[in-house]
Amino acid sequence: MSELRPALVSFLLLTIVTGVVYPLVVTGIGQAVFPSAANGSLIHDGDALIGSRLIGQPFSDPRYFFGRPSATAPQPYNGAASSGSNQGPTNPALAQAIKDRVAALRALDPANQAPVPIDLVTASGSGLDPHISPAAAEYQVARVARVRNRPESEIRALVKQATEGRTLGIFGEPRVNVLLLNLALDGKSAG
Amino acid sequence: MSLLGVMQIAIFAVVLTALVKPLGDFMAKVFQGERTWLTPVLGPVERGIYRLCGIDAGSETSWKRYAIAVLLFNLLGFFAVFVIQLAQGALPLNPQGFAGVEAKSAFNTAVSFASNTNWQGYGGESTMSYFTQMLALTVQNFLSAASGMAVLVALIRGFARRQTQQIGNFYVDMTRSTLYVLLPLSLLLALALVSQGVVQSFSEYRTADLVEPGTIQTTVKDASGDAATKQEQIAQQTIPLGPAASQIAIKQLGTNGGGFFNVNSAHPFENPTPLSNFLEVLAILLIPAALCYTFGRMVRDTRQGWAVYAAMMIIFLPLAFGVFSAEQAGNPRLDTLGVDQASSQMHPGGNMEGKEVRFGIASSALWAAVTTAASNGSVNSMHDSYTPLGGLVPMWLMQLGEVVFGGAGSGLYGMLMFAIVAVFIAGLMVGRTPEYLGKKIEAYEVKMASLVLLLPCVVVLVGTALASAIPEGTSSVANPGAHGFSEMLYAFTSAGNNNGSAFGGLSANTPFYNLALGVAMWISRFWLMIPVLAIAGSLAAKRNVAITAGTLPTHTPLFVAMLIGVVLMVGALTFLPALALGPIVEHLQMIGKG
């Protein structure tokens, strides 16, 4: 029994320290210093909650920029169940899915026969990726401008606003936040 | 490979190396009971714990009592995680009203978190209450890592001491690892992550109105059993929340890897920016790398620690660049489909299936190599969708026995087992009794070290063979052909080396996989700790041998090369046949025209 007491007591005490005190301290400081970030970087439109700047949303209307294909189930961009496709590189279903996505993009903009940037037709890891590459945004500029009947230069300016560069010029990749861009197209700001 | 991508990996290696000495030095002080700048704050907490436990911090034990304490303590952890999961429906902090977890899945998760594997057969945001995430999972993230560090410290004492039975007090080593090392680092990292957008809240999930509501087709069975499609309106999106940052910080630092959310650090709330990504990936290797220096200081020859660090880094870097180059090359099967896979200033290109745009190829590939070199197993991209060679490297890094950095503590004690085998082989070559760090290495040590090296290999290969042979194993496979075999091989490789990452297509939340992988994780963690502690006891009892002209120095490039050779040889010879059936065949199929 002499073995049992230190095991039990240290387990209980360290559970309190690491499982209760520590998360509470992080929550307390996080909520006080970074309230928006700690609560999901939420975007409101008036009183309505319309999304998070970190979580992508599905778009299929050609007047909007499309984000990455999402493999979450049952609906794309399901925030309650993040998931990638987990399709292997030689799985015929992967090539077929990409082929269909390329065809769908071209059908919406037949004049544009340029190769499609790969990130626009491959499913993201999380199924919630809020970003596309600047190339994937540029690929869609002509379509969005035409459908909205606005000059391309205006659309490009909005894309530029929604673009973030590499951190310190080195880390990560340049990227365009699709939800913020589409809100800007509708004349809404992400307040 | 783009220049910026190469720079990201190079900067990572430089920053990591720069942190090895300061943190390693600090940890040596902690383990030797010296005063540090944290003692005024944490000393009273530490002493309070000892008093309530009835431990005298100065009293030490033999290796056997040390081993019993480790096993007992971790068994308690296992039971706590198991019971909390079953009972979560009746416990507080469950705003989503999740029911208790099914027993076999709960067993798997309990072994997984007690053994520092953190394999996940479940989706966090759809299964675990906040109570379970905090009091079961976060706690084990700390305590399993601290247990690994404690066993390492005991082994180091075996080398450093002479003619004694005492190798330390497990509760003291474990408590100090938790309080002075893991807790302060986690607090700093967690707050940095919150600043980047990692959520930390106890609110229930939020519901947002989609900017563009849509419809989806779902298949429903009508009363007569015929399938019919139904249109469903989707106008809202769930925004998950929870105390995530506090768990993610220790998940990275403790080489645990079990994510708060299903897709782990690919989730934008778990890893929102390139900066959070850099900090998280750095945190994976930080402690395993710094422990090399701690080892050197505690055996009073820091060159020994740097030699082991060099061996790890020399194996790691080419493999990291290997993943990067395989992923950047993209998928030749897509070349004719009208897509652009070439990287440019405007987009990452390459194999983007399963990867996030903010990380692109370089940050994803670096993470894949780091997380499998360490026994971390968190992911920021989906390994199942990697190119065959890009997926082979992470698999092989695990199969090397999780000794290239490896787990917090467990990586270095595994590498020291390889060092014992390396001096033994060198001794055979020159016909002298092998020595390491002034201790004669004899039959007993070599036997125990061989056990540590070979047991995981057996677990991986037997487990994979079993899964491939029975329908319970093969029916979980998601991808056809050789890739399906890779999914099973990856699963047992991950569990059998306590990594925890997965080829996620495999449906592992089945009775067969929950039990088989649970057993694999248990064996590879705890059955290896016993021979390691036995060696610690045996070495501590020995006298030191005098260094003579005939002694093989173990801090030289020659020994580093020898150590690397042994690690790679064991890993290559054991696993090449299995790898040939999976990723190598798939690679040939992918580049072939057929």
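In these legends, a contact means heavy atoms within 4.5 Å. The model shown is predicted, so local features are described at pLDDT of at least 70 and side-chain atom pairs at pLDDT 80 or more, while totals for chains, interfaces and linings use all residues. Residues are numbered from 1 along each chain as its sequence is written, chains are lettered from A and ligands numbered from 1 in the order in which they are written, and side-chain values use heavy atoms, leaving out hydrogens and water.

**View 1. Chain A and chain B in contact.** Welcome to the interface, to which chain B brings 113 residues and chain A brings 106 residues. Together the two chains bury about 8700 Å², with 67% of it on carbon and sulfur atoms; buried area is the accessible area (1.4 Å probe) that two parts lose on being put together, summed over both. On the side of chain B that touches chain A, there are 63 nonpolar, 35 polar and 15 charged residues. Here Ala, Val, Leu, Ile, Met, Phe, Trp, Tyr, Cys and Pro count as nonpolar, Asp, Glu, Lys and Arg as charged, and the others, Gly among them, as polar.

**View 2. Charged partners across the interface.** Two salt bridges are counted between chain B and chain A, a salt bridge being a side-chain nitrogen of Lys or Arg within 4 Å of a carboxyl oxygen of Asp or Glu. Look for E3(A) and R65(B), a salt-bridged pair whose closest N and O atoms are 3.1 Å apart.

View 3. Strand β3 (residues 116-117) of chain A runs parallel to strand β3 (residues 339-340) of chain B, joined by two bridges. Within this pairing, V116(A) faces V339(B). Strands are DSSP runs (E, at least two residues) and helices are too (H or I, at least four), numbered from the N terminus; two strands pair if DSSP finds at least two bridges between them.

**View 4. A sheet within chain A.** Three strands of chain A form an open sheet in the order β4-β6-β5, with antiparallel pairing. Because β4 (131-132) and β5 (163-164) at the edges each have a single partner strand, one side of each is left without a neighbour in the sheet. Two bridges connect β5(A) with β6 (residues 175-177) of chain A, and E164(A) has R175(A) as its bridge partner.

**View 5. Buried salt bridges.** In chain A, R166(A) and E173(A) form a salt bridge at 3.3 Å, N to O, and both residues are buried (under 20% relative accessible area; exposed is over 50%, partly exposed in between, with a 1.4 Å probe and protein chains only). In chain B, R176(B) and E46(B) meet at 2.9 Å, N to O. That pair links helix α7 to helix α2 (residues 39-53) of chain B, 130 residues apart, and both R176(B) and E46(B) are buried. Also in chain B, K251(B) and E270(B) form a salt bridge, with the closest N and O atoms 2.6 Å apart. K251(B) sits in helix α8 (residues 244-253) and E270(B) in the loop between α8 and α9 (274-298) of chain B, so the pair ties together parts 19 residues apart in sequence.

**View 6. Backbone details in the loops.** The peptide bond from A73(A) to P74(A) is cis, with omega near -5°, and P74(A) belongs to the loop between β2 (48-52) and α3 (92-108) of chain A. N86(A), which is not a glycine, has a positive phi of about 55° and is buried, at 11% relative accessible area.
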